[in-house]
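Please read it with the sequence and the structure in view.

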Amino acid sequence: MTTPLWCVFVASLLPYVLAGTGAYLRVQQLGKLDANHPRVQALQLGGIAARALGAQANSWEAFAVFTAAVLTAHVAGADPAGASATLAITFVVARVAYAAMYLADIPSARTGVFLTGWGCCLGLFYQAATA
């Protein structure tokens with residue numbers, strides 16, 4: 001498997017890690033995890049628990065675009081050991097940093113790493129277009 005495809009695998013784990021973090025924080029904040037009505041309970045969250053939920057949702061959204069970008073580059077024949085690998089690794093690092101900045105409530109840094117990850121996706125599409 002190529003480095004960009006491994007990065008898709010790693011990026012697919014991030015929303016689940018954030019879900020586990022969010023569940024822990026939800027229990028800490030609200031005393032229990034309401035498995036019957038989790039979305040209703042989520043409306044009661046504040047602070048870091050609410051930010052964990054937001055980071056998880058955004059990770060799913062970013063994962064879809066990243067996966068499309070990696071697969072497009074792969075199918076188009078972009079070099080998986082060159083720029084595509086660098087872009088994919090940078091995306092994963094940016095998304096981990098994004099989650100950390102979201103949880104830490106540092107919005108300006110969060111925006112910067114979000115844009116870095118988004119730029120990596122655009123770069124992967126560019127790699128596909130020029131392959």
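**Note on the predicted model**

1. The protein chain has five helices and zero strands, where helices (H or I, at least four residues) and strands (E, at least two) are DSSP runs numbered from the N terminus. The order of elements from the N terminus is α-α-α-α-α. This is a predicted model, in which local features need pLDDT of at least 70, side-chain atom pairs count only at pLDDT 80 or more, and totals for chains, interfaces and linings use all residues. Residues are numbered from 1 along each chain as its sequence is written, and side-chain values use heavy atoms, with hydrogens and water left out.

2. The C-alpha trace spans about 55 × 30 × 20 Å along its principal axes. Of the 131 residues in the protein chain, 40% are buried (under 20% relative accessible area; exposed is over 50% and partly exposed in between, with a 1.4 Å probe and protein chains only). Among contacts (heavy atoms within 4.5 Å) with a separation of 6 or more, 71% join residues 24 or more positions apart.

3. Helix H1 and helix H4 (residues 83-103) pack at an angle of about 10°, and their axes are 8 Å apart. The two helices are therefore roughly parallel to each other, a term for angles under 35 degrees. Axes here are lines fitted to C-alpha atoms, for helices over the stretch in contact, and angles run from 0 to 180 degrees between N-to-C directions. Residues of H1 that take part include Cys7, Val10, Leu14 and Leu18, and those of H4 include Ile89, Phe91, Val92 and Val96.

4. Pro4 also belongs to helix H1 and, at 5% relative accessibility, counts as buried. Beyond residues up to four places away in sequence, Pro4 touches Val70, Pro80, Ser84, Ala85 and Ala88.

5. Asp34 sits in the loop between helix H1 (3-30) and helix H2 (38-42). Asp34 is buried but has no salt bridge, and Lys32, the nearest side chain of opposite charge, is 5.1 Å away. A salt bridge requires a side-chain nitrogen of Lys or Arg within 4 Å of a carboxyl oxygen of Asp or Glu. The Asp34 side chain does reach the backbone nitrogen of Asn36, at 3.0 Å.

6. Asp105 deserves a separate remark. Asp105 lies in the loop between H4 and helix H5 (107-129), and its phi is near 60°, a positive value in a residue other than glycine. Most residues other than glycine have a negative phi. At 45% relative accessibility, Asp105 counts as partly exposed.

Conventions. Lys and Arg count as positive and Asp and Glu as negative; His and the chain ends are not counted. A polar contact is a pair of N or O atoms within 3.5 Å; within protein, one must be able to donate a hydrogen and the other to accept it, and residues adjacent in sequence count only if both atoms are side-chain atoms. Angles under 35 degrees count as roughly parallel, over 145 as roughly antiparallel, 65 to 115 as roughly perpendicular and the rest as oblique.
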